[in-house]
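Please open the model in your viewer and keep the sequence panel beside it.

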Amino acid sequence: MHIFDVIVIGGGASGFFTALNLAEQRPNLRIAILERGKEVLAKVKISGGGRCNVTHACFVPNVLTKFYPRGERELRGPFSTFCTGDVMQWFDDRGVALKIEDDGRVFPESDNSQTIIDCFLEEAQQANIKISTQTIVQNIVKADDVWQISTSKDAYSCKHLVMATGSNTKIWDLCTSFGHSIVAPVPSLFTFNTKDDRLQNLMGVSAPMVSLKVKNSTLKANGPLLITHWGLSGPAILRLSAWGARELFDKSYQFELVVNWTNDFVFDEVLDELMENKTESPKKTIAKYPQYNLTHRLWQQLVKAADISETLTWADVTKKQLVKLAEQLTQCTFAINGKSTFKEEFVTAGGIGLKEINFKTMESKLIENLYFTGEVLNIDAITGGFNFQNAWTTGFLAAQSITNKA
Ligand SMILES: Cc1cc2nc3c(=O)[nH]c(=O)nc-3n(C[C@H](O)[C@H](O)[C@H](O)COP(=O)(O)OP(=O)(O)OC[C@H]3O[C@@H](n4cnc5c(N)ncnc54)[C@H](O)[C@@H]3O)c2cc1C
């Protein structure tokens, strides 16, 4: 039996951040990380396309929480204690230079996730944290105020137990045996599949700002959109996939998506503007001059879909054709048929019910000395560094509260 003061189950982002902050605040504690994989920090390694998007340059807690479809209300307090600026300072203090990209995403200056891993492993070694890999936690019981943990290798015991196991169904099942409830997991952050003639040969084309609506639903999003060889991607789609994670799952990812390529103009406004071209630019060929900041190729496809020939001028186009073009521009409907993985980042919506957690301490409200951090909770965010921020913040809080108790 290996005896520790604190055991962290899960050697991912939140597990390491908990253990490292705890070791810093209470150097004498005996801390272990138990990890089922061959390597720790496997997701950090592949995160952000191998660059690790550590956080987002959004420094106001109440603004930051808006990026979390699940966890928005609960994270307000935690972000007021440990926010994005704090984690940037944390890395800076340990010699990891970070940079903020134009869209607000924060990466290591090295553009290499290994920089983050090296930092964590070095810190853990200096702090004497025991890391046991290939150690699958199989059962957990609490007897006389002591946690007893059986793994695929050895038995462990500790006073404080941190669950940092990410989206692991077996651990969620185990947690239900302690009385915790699990919100059923569904994928979040994915792209939409569609086969549509209008998108043919447009792979790689993007629109700078579109608005999206799911038909027969209140789901909406806007932002840039990217056309891929299997369908639609880009920030607007990912945002919709995050907010609609559960609803789109319930629809088996079969639904109609309405794209407004002009973003905020309504049909009547667009039709009026198109009609004005008849007097302002009568001799110009419609297909040759894109409008609403659309690329040439996309504009041409929409013009074609409105039954306007390649050579037609504004003078010769009929009102009926312009009505069709205004429809293509503002109510362009695609039949979505399935989803694809967004390879740069994906998360699971669902996990430990948030009502059962004290968000000042990350301790279970049901069982003393049991803590939850990171993706094991029913918290997830849109892409951009926000998911790691949840891991850092909840890890920091758990470390702080164990420090105060141990
Ligand atoms: C491809 C990809 C790219 C991503 N990129 C980004 C990004 O750039 N920015 C961002 O903010 N987010 C990103 N994310 C999301 C982010 O990686 C997660 O939100 C984050 O890793 C969650 O951290 P965690 O510690 O809670 O869980 P995890 O990182 O999943 O760690 C949990 C650990 O627990 C271990 N474990 C599970 N069960 C057991 C058990 N029974 N016994 C022992 N160990 C166990 C697992 O093996 C794992 O190592 C990405 C996700 C993916 C999949």
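**Before selecting anything**

This is a predicted model, in which local features need pLDDT of at least 70 and side-chain atom pairs count only at pLDDT 80 or more, while totals for chains, interfaces and linings use all residues. Residues are numbered from 1 along each chain as its sequence is written, and side-chain values use heavy atoms, with hydrogens and water left out.

**Stop 1: the whole chain**

Display the chain as a cartoon. The chain contains 13 helices and 23 strands; these are DSSP runs numbered from the N terminus, with helices (H or I) of at least four residues and strands (E) of at least two. The C-alpha trace spans about 85 × 40 × 35 Å along its principal axes.

Next, colour the chain by accessibility. Of the 406 residues, 55% are buried. Buried means under 20% relative accessible area, exposed means over 50%, and partly exposed lies in between (1.4 Å probe, protein chains only). The chain exposes about 18100 Å², of which carbon and sulfur atoms supply 49%; accessible areas come from the Shrake-Rupley method with a 1.4 Å probe, and for residues only the protein chains shown count as cover.

Contact means heavy atoms within 4.5 Å. Among contacts in the chain with a separation of 6 or more, 73% are accounted for by residues 24 or more positions apart.

**Stop 2: the ligand**

How many residues are around the ligand? There are 33, and Ser14, Glu35, Asn168, Glu375 and Phe388 come nearest; a residue belongs to this group if one of its heavy atoms lies within 4 Å of the ligand.

Now show the polar contacts, which are pairs of N or O atoms within 3.5 Å; within protein, one atom must be able to donate a hydrogen and the other to accept it, and residues adjacent in sequence count only if both atoms are side-chain atoms. Select arginine 36: an N or O atom in its side chain is 3.0 Å from an oxygen atom of the ligand. At glycine 48, a polar backbone atom is 3.0 Å from a ligand oxygen. At glycine 385, a backbone N or O atom lies 3.4 Å from an oxygen atom of the ligand. Taken alone, the ligand exposes 990 Å², and the protein buries 95% of that area.

Helix H1 (13–25), helix H2 (42–50) and helix H13 (386–405) are the elements that give two or more residues to the shell around the ligand. Of the contributors to this shell, H2 gives the most, with 4 residues.

**Stop 3: the loop between H3 and H4**

Select the loop between helix H3 (61–64) and helix H4 (76–81), where glutamate 74 is found. Glycine 71 is found in the loop between H3 and H4 as well. Is glycine 71 buried or exposed? Glycine 71 counts as buried because its relative accessibility is 5%. Glutamate 74 also counts as buried, at 18% relative accessibility.

Leaving aside neighbours within four places in sequence, glycine 71 is in contact with Leu354, Asn378 and Ile379. On the same terms, glutamate 74 is in contact with Leu354 and Phe359.

**Stop 4: leucine 161**

Move to strand S11 (residues 160–163), which holds leucine 161. Leucine 161 counts as buried because its relative accessibility is 0%. Beyond its neighbours within four places in sequence, its contacts include Ile7, Ile9, Trp147 and Tyr371.

**Stop 5: threonine 262**

Select threonine 262, in the loop between strand S17 (254–260) and helix H10 (267–280). Threonine 262 is buried, with a relative accessible area of 7%. A polar contact of 2.7 Å joins its side chain to that of asparagine 260.

**Stop 6: two positive phi angles**

Most residues other than glycine have a negative phi. Select aspartate 144, in the loop between strand S8 (137–143) and strand S9 (146–151). Aspartate 144 has a positive phi of about 50 degrees, and it counts as exposed at 78% relative accessibility.

Finally, select serine 252, in the loop between helix H9 (245–250) and S17. Its phi is positive, near 55 degrees, and serine 252 is partly exposed, with a relative accessible area of 47%.
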